[in-house]
Amino acid sequence: MNLANRDLVSIDDLSNGEIEALFSLADKMSDSTDEQSGLCRGKIMASLFFEPSTRTKLSFEAGMLRLGGSVISAADIGASSLAKGESIADMAKVVGSYADIIVIRHPWEGAAKVVADYAGIPVINAGDGSHEHPTQTLCDLYTIRKERQTIRGLRIALWGDLKRGRTVHSLIYALARFDATILFCPGPGLEMPVHVLRRLSTEYGGEVKSCRDLNQELETGPYPVDAIYRTPSSPHQLAMLPDISMQVELNAGVDALYVTRLQKERQGPATKEQELNKGYPVVDKKLLRGKGFRKALVMHPLPRVDELAYELDADPRSMYFKQAAYGVPVRMALVALLLGVKEITIPGEDDCFAPKAPYPVYARDSGVKCPNMNCVSNQETEAKYIKPAFAIVSRAPLTLRCIYCDYELYPRYIASSEWHQGKVENKKYHSASSRFARNIKLENLIVFTSEEEAQAQQFKPSSYVSQ
Amino acid sequence: MNLANRDLVSIDDLSNGEIEALFSLADKMSDSTDEQSGLCRGKIMASLFFEPSTRTKLSFEAGMLRLGGSVISAADIGASSLAKGESIADMAKVVGSYADIIVIRHPWEGAAKVVADYAGIPVINAGDGSHEHPTQTLCDLYTIRKERQTIRGLRIALWGDLKRGRTVHSLIYALARFDATILFCPGPGLEMPVHVLRRLSTEYGGEVKSCRDLNQELETGPYPVDAIYRTPSSPHQLAMLPDISMQVELNAGVDALYVTRLQKERQGPATKEQELNKGYPVVDKKLLRGKGFRKALVMHPLPRVDELAYELDADPRSMYFKQAAYGVPVRMALVALLLGVKEITIPGEDDCFAPKAPYPVYARDSGVKCPNMNCVSNQETEAKYIKPAFAIVSRAPLTLRCIYCDYELYPRYIASSEWHQGKVENKKYHSASSRFARNIKLENLIVFTSEEEAQAQQFKPSSYVSQ
Amino acid sequence: MNLANRDLVSIDDLSNGEIEALFSLADKMSDSTDEQSGLCRGKIMASLFFEPSTRTKLSFEAGMLRLGGSVISAADIGASSLAKGESIADMAKVVGSYADIIVIRHPWEGAAKVVADYAGIPVINAGDGSHEHPTQTLCDLYTIRKERQTIRGLRIALWGDLKRGRTVHSLIYALARFDATILFCPGPGLEMPVHVLRRLSTEYGGEVKSCRDLNQELETGPYPVDAIYRTPSSPHQLAMLPDISMQVELNAGVDALYVTRLQKERQGPATKEQELNKGYPVVDKKLLRGKGFRKALVMHPLPRVDELAYELDADPRSMYFKQAAYGVPVRMALVALLLGVKEITIPGEDDCFAPKAPYPVYARDSGVKCPNMNCVSNQETEAKYIKPAFAIVSRAPLTLRCIYCDYELYPRYIASSEWHQGKVENKKYHSASSRFARNIKLENLIVFTSEEEAQAQQFKPSSYVSQ
């Protein structure tokens, strides 16, 4: 299978079979050194980090150099073209004409997609704001596979800041695709966002069960479980007795405990940081004595701050430095594949392609904007050429998802271009939950998030709305 | 022809024949890849960017890597040796002992010349303040040549910020040398500086015609032409009827429209930026429908901000991303030549060497300083070893040009070392426009920009001055 | 001799024989180019500069590239992992899994030792705060050896800021090991620290003679000599007549005058910088006309500011640009040795290994901290895993030396774990100068810097103290 000229913006850009085949190639990357050291001779990687990075940047660059390629790097790029007001699309086109592959980290959600759209060469997302960080997910999965020989059907507990960690969001979608059961153990106020949970159940077919209403005993247990996600293939025989089932889950133990750092740099200035810090759960020897963690791999994307005690470093379950080290062979395999200097064979049938549902896209210029102010589509320099666009992931309730940053939008008002036929006097809008909404053909659909927005487009409330 | 160990500080460091031969070599650089990838094996480029850069830095580095060479780079160099108070001459000597070639960008005008003077290895100016950016000019000319098969006898309109763009200043001297006709279309308040215009006519032999006094009809045309420069070889049969001639020029159309960005970062803090922004001319589809632009290549050194509409990106006349892409083969050719790993044959006679007139140099320590406060000769760290020095480009009116930054100086008072023979009582100064001025031999000439300056050197006004 | 997998944190990590053999290898590095250019093929150097650097960073990188290796570099690393609160130990472990050798510069004293302790690959200290800069010392010695054919038995004058220059501290220990006589010529208020002088006499066996009390004549001589250090092997026949001896020393001349810059960036904000600047001694032509400097090499680690006049650049005695240039072959030799791709033969017997005395280490958690607030052991992120530890370099007076930054500590109170046997009521502390102190076995020793510290550990003053 040839992955040449593909991009890796989201972990969903790779099918399950491709991920597993990539891991087989990564195994060879750490083994041999002679053949691989000439694979990328004459190839150039552009390493564009608009946000600081040690681990990701250095492991990509080390990987490229170990493949015999070379690297051009714009470390001060934030201060550079951006300062002159250049768009990232322009930057992508230009760098695309210098290099053979681009690795980009950027503070805006969706930035990597824009670069991929314009560069004309393979682009790897090394983190776009709070959105995705797919190569970290590959390293995470690869580490588990090295230790457990499989990445299918795992039981994983996610620990800490589940709200803003891009690492975690990329990871759970991948885990879900490989039939994992996921236990969410967030710090206080750092629960997994609702849209992520909904996406898990709607797109990956599993079931998310909140644990908030569980008995007191559970809440005072070794760790506060907030919710559990079960893939459809997991046994659900105890589903009718949720409390007992939950208890069982905990007693069964987990394959891995995935710890994350409090993402301070993504907090708004107004957040009461100290309060968050205070209640942030710490993983230490005492916690790991719990029955549920007896065989758990302790994982962390690093850097750690205080949430993972140094006393664990010598514990054989600790995997975090291995995760970092595997960054090199995993990224070598990825780069070699996207540059087309290596091909992979997908063993058997590729049973589960990425669930990139071919949702219909809403791109009408009706004034609707992505609600995420950090989305690339909301930036002044980018709005010159990007128009907001959304996947319509559900008709009822009407739900749009930004194609750049995956934020969801729930339009409150709708109209149809068929109704008014261009005549201003016929321009009316209805409530999105009204019976009219269901009957509008997708190609005629017009949506608004507020009455003001509708009226700015010269629409008037229908008699139902205006009542 | 061997260009080994030469520097490229100004576009005038290359003769016309050398430029064209370099372009022939650049053609081969984009074609083949096998031979060239070993040309610079074992060679090191020092990439010293004291100002942010994406395009120029990355294309130089990509070019060097594609030649099989390697790069050392000091991205944070501004915060580094400069912070410790080191002179750029010292820095140049040291880096010159580590690398084989230096590429330097620096905010001070003349900095690249100083580095070239001290490094002992080939030095390429990648932009020195508002002064020159010769490799950008090479990319511009190369792009035109690719599209028009020639760079001789072109008609080029320059658009936007003609006052501060180093890109544009390097470009027009080169265009003039290749017999171009140049139309100046500046934004309001951003006209080409007078010294540049005068230099065009005095050194390149052409004629600059201001369009300010033209009839109203012209001013309301598709773009406001401020002045036209015609090389001596252009036909001037209509010169006696300037108004009509001008009309003809416009109707004839241009080969290229060279658009520039408002150089905000070079504005003083007191400049009313918003006002400039408001009146800044925008190049868009509508403008390009004008008769004069029917076949015009649309060029821009990038980054663009608002002056060039995104809607033009798909237009086949748009050349700006090609300009950027050609940066790699052009810079590969240049580096290979200066490192002496390639030689070029100049076809036929090299008809027009760079007009670096062997002007006499005034370097007497009479208190005269370059009027450009951003000139390298006026910096505290550099004044320890650099003495101001000026080319005497004209005796009447007496005109000195800084050898570092090309700023001009018009001394108002003169004296002769022959007059006083070292006796203080004979030290007298005269007006620079007096009849005495013409008779002073160059080796005896002493100049002052003010009476205070003269008196500080213990000169007294002659009876003519003191009247 | 194989130096593979060794670190160079302090100049004392290399024996005299190893230094001389390294220099022989460096000679070959500047001579040939064919063989060496493949020595480090496939090897990666991580260049981690947490402080700005031009010279050191670029010469390390150039050296690695000339050996055929490659470089990954984190120029903005200060803003990166540190900003996220990561410890340098974690960073070291991670980078140690990406690269084959680490070069690190860091503002904290002792940081390079920590990186070496955790990286698992060879680590080179490229400057840790005011502590050491061993490769600069190697370049300095190599330059002298190139000019004088030996580095043994030299007479060296050290000039300028002897208080804070890490360069100078590494250098004098090395010079002492090679039997040098050292004359200290500090700027006012910038004298060599007392602990450095004491270490010279206690560990390197020589004799430090203060010149403060010398006759007036000497003080008004060409340069103010503050102290002289003589190695034991130097002739001391005039030692009974110190004043005369001193005069003789000065008249004999020096082999090298080592000038240093005022280390402004290491000054506290409260230092009266301008005052220091004012009295800072300048080395110029006039000074070098002095008899003592007739044959002296003029050395400087660069960058210079005002302390070394530009007029000396053409003087054949000026060595400072050679020192910088030798940085490449010296660092090439070092890197090749630590990576194990080259071995060296130490000619004859290695007469003087580094005097790393196997001092007993005090690492008891009694509340004692390194007095240097810039020491790595006092940093919030590092104190999570590092415990303070000290070499006990003297029992009377009781002197502890921080194993990270070499700062000394003089505990005022002591106790013994044998006395109290864990019983709180028996926990008593005595004065460190009391007769009890000498009798405590090292394994039982407990030290305190203050009574508060002792009482915080639940110790009470003995009746002797409380009197």
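Student: How do you know that the length of helix α5 of chain B agrees with its number of residues?

Tutor: The expected span is 1.5 Å times one less than the number of residues. For the 15 residues of α5(B), 134–148, that gives 21 Å, and the end C-alpha atoms are 21 Å apart, so the two agree. The helix itself is a DSSP run (H or I, at least four residues; strands are E, at least two; both numbered from the N terminus).

Student: Where do the coordinates and the numbering come from?

Tutor: This is a predicted model, in which local features need pLDDT of at least 70, side-chain atom pairs count only at pLDDT 80 or more, and totals for chains, interfaces and linings use all residues. Residues are numbered from 1 along each chain as its sequence is written, while chains are lettered from A and ligands numbered from 1 in the order in which they are written.

Student: What makes α5(B) "mostly covered"?

Tutor: Its burial count. A residue is buried if 20 or more other C-beta atoms, placed from the backbone, lie within 10 Å of its own, exposed if 12 or fewer, and partly exposed in between. In α5(B), 12 of the 15 residues are buried. Among them are B:Pro134, B:Leu138, B:Tyr142 and B:Arg145.

Student: Which elements do those buried residues of α5(B) pack against?

Tutor: In chain B, they pack against α1 (16–31), β4, α6 (166–177), β9 (256–259), β10 (297–299) and α12 (320–338). Contact needs C-beta atoms, placed from the backbone, within 7 Å. After the helix comes B:Gln149, with a positive phi near 70°.

Student: Why is α2(B) called largely enclosed?

Tutor: 12 of its 12 residues are buried, so the rest of the structure largely encloses this helix. The buried set includes charged side chains such as B:Arg55, B:Lys57 and B:Glu61. Length also checks out: residues 55–66 should span 16 Å, and the end C-alpha atoms are 16 Å apart. B:Gly68 follows α2(B), and its phi is positive, near 90°.

Student: Why is α1(A) called roughly perpendicular to α5(A)?

Tutor: Axes are lines fitted to C-alpha atoms, for helices over the stretch in contact, and angles run from 0 to 180 degrees between N-to-C directions. Helices α1 (16–31) and α5 (134–148) of chain A pack at about 70°, with axes 11 Å apart. The scale is: under 35 degrees roughly parallel, over 145 roughly antiparallel, 65 to 115 roughly perpendicular, the rest oblique. That makes the pair roughly perpendicular.

Student: Which residues make this contact, and how do they divide by type?

Tutor: α1(A) contributes A:Ile19, A:Phe23 and A:Ala26, and α5(A) contributes A:Leu138, A:Leu141, A:Tyr142 and A:Arg145. The division is 6 nonpolar, no polar and 1 charged.

Student: What makes β2 and β4 of chain B edge strands?

Tutor: Two strands pair if DSSP finds at least two bridges between them. The open sheet of 4 strands in chain B runs β2-β1-β3-β4, with parallel pairing. β2 (70–74) and β4 (123–128) each have a single partner strand, so one side of each lacks a neighbour in the sheet. The twist averages 15° from one strand to the next.

Student: How do you know that β1(B) pairs with β2(B)?

Tutor: 5 bridges join β1 (44–49) to β2(B), and the two run parallel. B:Met45 stands opposite B:Val71. Helix α2 (55–66) of chain C packs on this sheet, touching β1 and β2 of chain B, and its direction makes about 170° with that of β2(B).

Student: Why does C:Asp255 count as partly exposed?

Tutor: C:Asp255 has 19 C-beta neighbours inside 10 Å, so it counts as partly exposed. This residue lies in the loop between α9 (242–252) and β9 (256–259) of chain C. Beyond four places in sequence, it touches residues including C:Arg148, C:Ile156 and C:Leu297.

Student: How do you know that β11(C) and β12(C) pair?

Tutor: 2 bridges join β11 (361–362) to β12 (390–395), running antiparallel. C:Val361 stands opposite C:Ala391. β12(C) also pairs with β13 (398–402) in the antiparallel sense, over 5 bridges. These two form a hairpin with 2 residues between them.

Notes
Two residues are in contact if their C-beta atoms, placed from the backbone, lie within 7 Å.
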